[in-house]
Amino acid sequence: MSTETLIYDIASNDNAESRQVQSYEHIVENFVSRESTNTLSADGKDLSESIHVPLEQIKLHPLIHLPSNRTLSKEKLIQEWAGIVLDYEEGRDFFRARLSDKTNPLNSDEEADIILSDIPQEDLNLITPGAEFSWYIYYEEGKRYYEEGKRITKKRSSKIKFRRLAHWKKTDINNAKQKETELLEFFRRD
Amino acid sequence: MQNKKKQNSLNSLEEINFKPPDKNTSEISIFGPGIGECVVIHSNGYYYIVDSCLEKNSKRPIALLYLEQIGVNYQEQVKGIIISHWHTDHISGMNELIQNCPNAKIWFSDALIQKEAIKLVSLYSSTSMYHQTDDDISEFVKTIDALKKTNVKKFESISARVTVFDRRNIERERLVALSPSSHAIKQSIQQLVDNSKDREKINTQRKRFIVPLSSNLNAVALIFESNGKSVLLGSDLEINNNRLTGWFSIIDSELKDDLSINESFLYKVAHHGSLNGHCDDIIDNFLTQEHISVITPYSRCKLPTEDNIERIKFHSKDVFITAMHNAIPPERMRNVDKLINSVAFNRETRIGDMGHIQIRWKDQGDFMVCGNKISKQTI
């Protein structure tokens, strides 16, 4: 077996980065054979006789880290509501909603007309009386932001997301039937 | 409708009396924060609670807070809880109320414990997927769980002519239901059947707002008689085209004569003062010419309207409302408010501070109307 290129099986290691490693230039002097389920390398060579070594015995090149000069953006939540659509008519560019303050739960519920332009395209067909949504107001930090031509360090943003309703599953129906039996038994008059 | 002759308004309005009424003093306390209502009745040392709503800060049932405040041992002294109908503004906190009043019998409409209603409730409570849009169902399930915890079947169905208590032979006191009619109950059950169709099929989507709004047909109107005076509690009862239901059924079935009901000096106005809740025959036959009206608003639908209030003022000696429509909006950071206003407009706050009107009277004596700062404004 050639010792110039050693392809070894690291299938037992779940690390995605490690899985990408397919070859090394180093020759390993002491190696231990391991079974492999994959018999072909990426370039089609037969690996059935590949020599496998424990990872800790392989001499690796030191990792070189080149830090980015980009700062990761952060989001800081400043206000959250749970909303319910109260009224919506096709063709209107807003819907009426009840808003419960999740940030300050002691605040009273409010009602407001919400404009559709702030609703994600994929959620527009979910707007119907009774539909639930979450509304977040947050600061974005760490990028370059401009407001009225001036550079600012953080930006206020708003995001509205509608909740999807699941369909009934068999387990739901079965649970319901069991609950129904229990309740009818409880309310049965003797 | 006869033109009611009006006298001067009440001479005295007092601050809420936070001492408990003595055994011989009758009391009706009506609470309403803008959305929601609750009535606390005192009779001969016992308390009865009709419906429930929450105090906005503590999120606790207002009835419990009030009884605590006046030093009543509600675990012992609350003898009955009446759920007039199953709408969120009348049942918020009902399960907590029931859990804290183990001595109370619970009264609710027969329609709620029919198979169709149970089926609907079971379906929507079988998973944790029901959420705040299903407040009605969620509260119903919690209420049943609270009933089950007591391990005693202390509930009764209530409908027209059902008596909650009758101590007229000793104390001249009783609490009796004027509605719902048997026809209204059947109609409600039919609506539940219609609403249940296809819902228990696999792979069909859940629905929102599953409690029928028309369940006002099933609302329980009550007459409370004590110390020589009567009070009519209108709940959300309405009129409609079918005279076998709503207020018309009470008139047509001659309940007033059959049950020897006296005219009431106090009226908890039906359905938040709406035109649908108004019935001339009820005003002419069940209320004194000098009666006082108390309105609990439903701010979400802006009830009562100005027209509603004018109409009620026309036939009442005095009118009180527990809250006004627009409560004080919550304070937020200015820049947050700015962003909110760029997305949401016509913002209104619905539930404000709790309004409370307390009326007490003794045998054949005058009655005393007390209120907190909001309800004390006459309109």
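## Salt bridges

Over all chains, the structure holds 29 salt bridges, a salt bridge being a side-chain nitrogen of Lys or Arg within 4 Å of a carboxyl oxygen of Asp or Glu. This is a predicted model, in which local features need pLDDT of at least 70, side-chain atom pairs count only at pLDDT 80 or more, and totals for chains, interfaces and linings use all residues. Residues are numbered from 1 along each chain as its sequence is written, chains are lettered from A and ligands numbered from 1 in the order in which they are written, and side-chain values use heavy atoms, with hydrogens and water left out.

Between chain A and chain B the count is 4 salt bridges. One of them pairs A:Glu110 with B:Arg347, whose closest N and O atoms are 3.2 Å apart. A:Glu110 lies in strand E3 (residues 110–115) of chain A and B:Arg347 in strand E15 (residues 344–349) of chain B, so this pair joins two chains. Helices (H or I, at least four residues) and strands (E, at least two) are DSSP runs, numbered from the N terminus. A salt bridge also links the side chains of A:Asp101 and B:Arg332, at 2.8 Å from N to O.

## Interface between chains A and B

Chain A and chain B bury about 5500 Å² between them, with 58% of it on carbon and sulfur atoms. Buried area is the accessible area (1.4 Å probe) that two parts lose on being put together, summed over both. In chain A, the residues that lose the most area to chain B are A:Trp168, A:Phe186 and A:Phe187, together 17% of what that side buries.

The contact (heavy atoms within 4.5 Å) takes 58 residues from chain A and 58 residues from chain B.

## Helix H2(A) against helix H5(B)

Helix H2 (residues 170–187) of chain A and helix H5 (residues 115–125) of chain B have axes that come within 8 Å and cross at roughly 135°. That makes H2(A) oblique to H5(B). Axes are lines fitted to C-alpha atoms, for helices over the stretch in contact, and angles run from 0 to 180 degrees between N-to-C directions; under 35 degrees counts as roughly parallel, over 145 as roughly antiparallel, 65 to 115 as roughly perpendicular and the rest as oblique.

On the H2(A) side, the residues that meet H5(B) include A:Ile173, A:Leu183 and A:Phe187, and on the H5(B) side they include B:Ile118, B:Val121 and B:Leu123. The residues of this contact divide into 8 nonpolar, 2 polar and 4 charged. Ala, Val, Leu, Ile, Met, Phe, Trp, Tyr, Cys and Pro count as nonpolar, Asp, Glu, Lys and Arg as charged, and the others, Gly among them, as polar.

## Backbone features of chain B

The peptide bond from B:Ser179 to B:Pro180 is cis, with omega near 0°. B:Pro180 sits in the loop between strand E9 (174–177) and helix H7 (182–196) of chain B.
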